Amino acid sequence: MVTGRAAGRLPGSSRRETCAISGLFNCITIHPLNIAAGVWMIMNAFILLLCEAPFCCQFIEFANTVAEKVDRLRSWQKAVFYCGMAVIPVAISLTLTALLGNAIAFATGVLYGLSALGKKGDAISYARIQQQKQQGDEEKLTDTLEGEL
């Protein structure tokens, strides 16, 4: 079974290459917005490499520090970070290259978001919680009615 952390990192490793190659193809144009989106995508690939694979950036002194800070983030924070990184180039230039290059990045964010939700509870525990809420509501109603009399 794949854990939440591994589920986020597996597509992240292929995301680097996809995002960098798509960003490079996006830069081969004369439209300035496409070039800006391509540069952003290449920068995203480098940031992801720095965050998730600091051993590849041994020549950068702060790589391990950045990776440790990213590891301390909660799953929902990583989800917002990765989805935000994926949406910005698409918002700058809505092209097929930008969409395909950032689809895996967005999927990484979605997987981190799903891991933040936790595992699904079973029906029995959900029924117990609902019963406890209902009993608490009935007690509050009884207390207010007794207070009025």
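Me: Is the crossing of α2 and α4 left-handed or right-handed?

Reply: This is a predicted model. In it, the axes of α2 and α4 come within 8 Å. The handedness of their crossing is left-handed.

Me: How do α2 and α4 run relative to each other, roughly parallel or roughly antiparallel?

Reply: The two axes cross at roughly 165 degrees. Angles over 145 count as roughly antiparallel. Therefore α2 and α4 are roughly antiparallel.

Me: Which residues of α4 make the contact with α2?

Reply: From the α2 side, the contact is made by L33, A36, A37, W40, M41, N44, I47, L48 and E52. Their partners on α4 are F81, Y82, M85, I88, P89 and I92.

Me: Where do the buried residues of α3 fall, seen down its axis?

Reply: Helix α3 spans residues 63–71, and A63, A67 and V70 are buried there. In an α-helix, residues three or four places apart point the same way, because there are 3.6 residues a turn. Down the axis of α3, the buried residues lie within an arc of 65 degrees, so they line one face of the helix.

Me: Which helices do the buried residues of α3 pack against?

Reply: The buried residues in question include A67. They pack against two helices, α2 (32–52) and α4 (75–92).

Me: Is C83 buried or exposed?

Reply: The relative accessibility of C83 is 17%. Buried means under 20%, so C83 is buried. By contrast, C27 has a relative accessible area of 22% and is partly exposed. For C83 the answer is buried.

Me: How many disulfides are there?

Reply: A disulfide needs two cysteine sulfur atoms within 2.5 Å. By this rule the count is 0.

Methods:
Residues are numbered from 1 along each chain as its sequence is written. This is a predicted model: local features need pLDDT of at least 70, side-chain atom pairs count only at pLDDT 80 or more; totals for chains, interfaces and linings use all residues. Side-chain values use heavy atoms; hydrogens and water are left out. Buried means under 20% relative accessible area, exposed over 50%, partly exposed in between (1.4 Å probe, protein chains only). Helices (H or I, at least four residues) and strands (E, at least two) are DSSP runs, numbered from the N terminus. The arc is that of the directions from the helix axis to the C-beta atoms. Contact means heavy atoms within 4.5 Å. Axes are lines fitted to C-alpha atoms, for helices over the stretch in contact, and angles run from 0 to 180 degrees between N-to-C directions. Angles under 35 degrees count as roughly parallel, over 145 as roughly antiparallel, 65 to 115 as roughly perpendicular and the rest as oblique. A crossing is left-handed if the near helix is turned anticlockwise from the far one by less than a right angle, and right-handed if clockwise.
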